[in-house]
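Have a look at it before reading on.

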Amino acid sequence: MRNYSSDINKILIYIFMYWPLGTICPMIGQYLSAEGFSGTQVGIITSSGTAAAIVAGLLWGKIYSAASKKKNVLMVMCMGAAFFGFMNMTASAFILCAIIYSIMYFFQGPAHGIADAFVLAQSDNYPIIRGAGAAGYAVASFAVGKYAQANGLDSIFYIYSVTFLLAAFFVSREKEPVLSSSEKIRVKTADLFKNRTFVKLLICAFFMTGTSISHNTYFGYLFRQEGGDVAGIGFAFFLMAGSEAVVMAAASRISKKAGTEKMLLFAIVLLSARFAFYGMGPGCSALLWTFFLQGLSGGIILMEIVKYFNKIVKPEMTGLAISIYYALGNNLSVVVSNLLGGIVLDLAGPQAVYMFFAAVNLTGAILYVAMGMHKKQGFELKTV
């Protein structure tokens, strides 16, 4: 029987690391619009933050892999995100807002990937722990949506900062991962790119993950167009992210039977169909009633793809591999989705944004099958 009690501190880390995302992601587009920024400017600001996370992911991944005190690296990232999250409240000009938001993402963006590597090195209960993060996101989306409507959208930033500081506190209570002799070997990025399976999965990830995260920014526009309000956005994300928590906890058993590879194929096809449905302009009630699709699509993708990367690389390369995935397969995809999504929003409205997202995900599904990534995989080290 699994010992979940030993992972309670890790669960708290994930709750308070994903609470800030549940605070800022559903509301940042609404906040920036209230400040007078256009859809294109919203796309540029959010994309600039994620672009900073690409460079940061590569840097922090190497720092983490080389560090003997790994929890200290994660603590610094949480505290840096908290400080610059608070600084967002001081910015009103477009350029200054983009700069501060980018610096905040320099710390925030790779932090969740580093946390994944940290937990995977110490616990077999990753699906449960990751599900706790989704639960934190869900509760934050609902509670902060209500709070922000009553007290102003700028309140999202100090809530974001306080919860990241709480995450840093719980990280400080963790033990360091026990390193094997092989994990003390200096790992090189070039070695990872000799792994053909890693490269193919990285390409597929680009078309699979970015839209699911950019959806957090653009859903509010669609929801309000269809008759919803700010508090309703928070409630919608509470339901959607809550479904992720449930699915992540249950999917680990299904994954053992069906396999990570086929679980991902199912999720990406469903995500494409879900966004195509959104693109048809259903009412806000229909958007709420289909909340469970978030867990069955985006939730499965975000959990299973990390497990997929973990299984196809050597143990000592896990931290760097997951950081590169977050930098290039995830964050670069988010940059493109946010930037193009903002342009499409200005030109054709939120329904067109979701049709664009559906097309990107369908491309990912086709590539995933064409490259044979839906078949059972294992560790492979060959020259590309």
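## Before we start

This is a predicted model, where local features need pLDDT of at least 70 and side-chain atom pairs count only at pLDDT 80 or more, while totals for chains, interfaces and linings use all residues. Residues are numbered from 1 along each chain as its sequence is written, and side-chain values use heavy atoms, leaving out hydrogens and water.

## Helix H9

Let's begin with H9, which runs over residues 196-225. Helices here are DSSP runs (H or I, at least four residues), numbered from the N terminus. H9 has 30 residues and reaches 44 Å from its first C-alpha to its last, close to the 44 Å expected at 1.5 Å a residue. That expected span is 1.5 Å times one less than the number of residues in the helix. There is also a kink of about 50° in H9, centred on Thr-217; the bend at a residue is the angle between axes fitted to the seven residues ending there and the seven starting there.

How many residues of H9 are buried? It's 22 of the 30, so H9 is largely enclosed by the rest of the structure. Buried means under 20% relative accessible area, exposed means over 50%, and partly exposed is in between (1.4 Å probe, protein chains only). After H9 comes Gly-227, with a positive phi near 110°.

H1 covers residues 8-24: its 17 residues reach 25 Å from first C-alpha to last, close to the 24 Å expected. H1 is mostly covered, too, with 13 of its 17 residues buried.

H11 takes in residues 260-279, and its 20 residues reach 29 Å between the first and last C-alpha, close to the 28 Å expected. Just after H11, Gly-281 has a positive phi of about 80°.

## Aromatic rings

Now for the rings. A search of the whole structure finds 33 aromatic pairs. One of them is Phe-235 with Phe-238: their ring centres are 6.4 Å apart and their planes are at 25°, so the pair is stacked. Rings of Phe, Tyr and Trp (its six-membered ring) pair if their centres lie within 6.5 Å; planes under 30 degrees apart count as stacked, over 60 as edge-to-face and the rest as tilted. Phe-235 and Phe-238 are 3 residues apart in helix H10 (residues 230-258), which separates them by about one helical turn. An α-helix has 3.6 residues a turn, so residues three or four places apart point the same way. Phe-235 is partly exposed at 33% relative accessibility, and Phe-238 is partly exposed at 30%.

Tyr-354 and Phe-357 pair up edge-to-face, at 5.5 Å centre to centre with 75° between the planes. Both lie in helix H15 (residues 350-370), 3 residues apart, about one turn of the helix.

Elsewhere, the charged end of Lys-70 sits over the ring of Tyr-64, 4.6 Å from its centre. To count, NZ of Lys or CZ of Arg must be within 6 Å of the ring centre and within 35 degrees of the ring normal.

## Two buried residues

Thr-211 is found in H9 and counts as buried at 1% relative accessibility. Which residues does Thr-211 touch, not counting those up to four places away in sequence? They are Leu-271, Phe-275, Ser-333, Ser-337, Phe-357, Val-360 and Asn-361, where contact means heavy atoms within 4.5 Å. The side chain of Thr-211 also makes a polar contact with the side chain of Asn-361 (2.9 Å). A polar contact is a pair of N or O atoms within 3.5 Å; within protein, one must be able to donate a hydrogen and the other to accept it, and residues adjacent in sequence count only if both atoms are side-chain atoms.

Glu-304 is in helix H13 (residues 292-311) and is buried, with a relative accessible area of 0%. Leaving aside neighbours within four places in sequence, Glu-304 is in contact with Ala-251, Ser-255, Thr-260, Met-263 and Leu-264.
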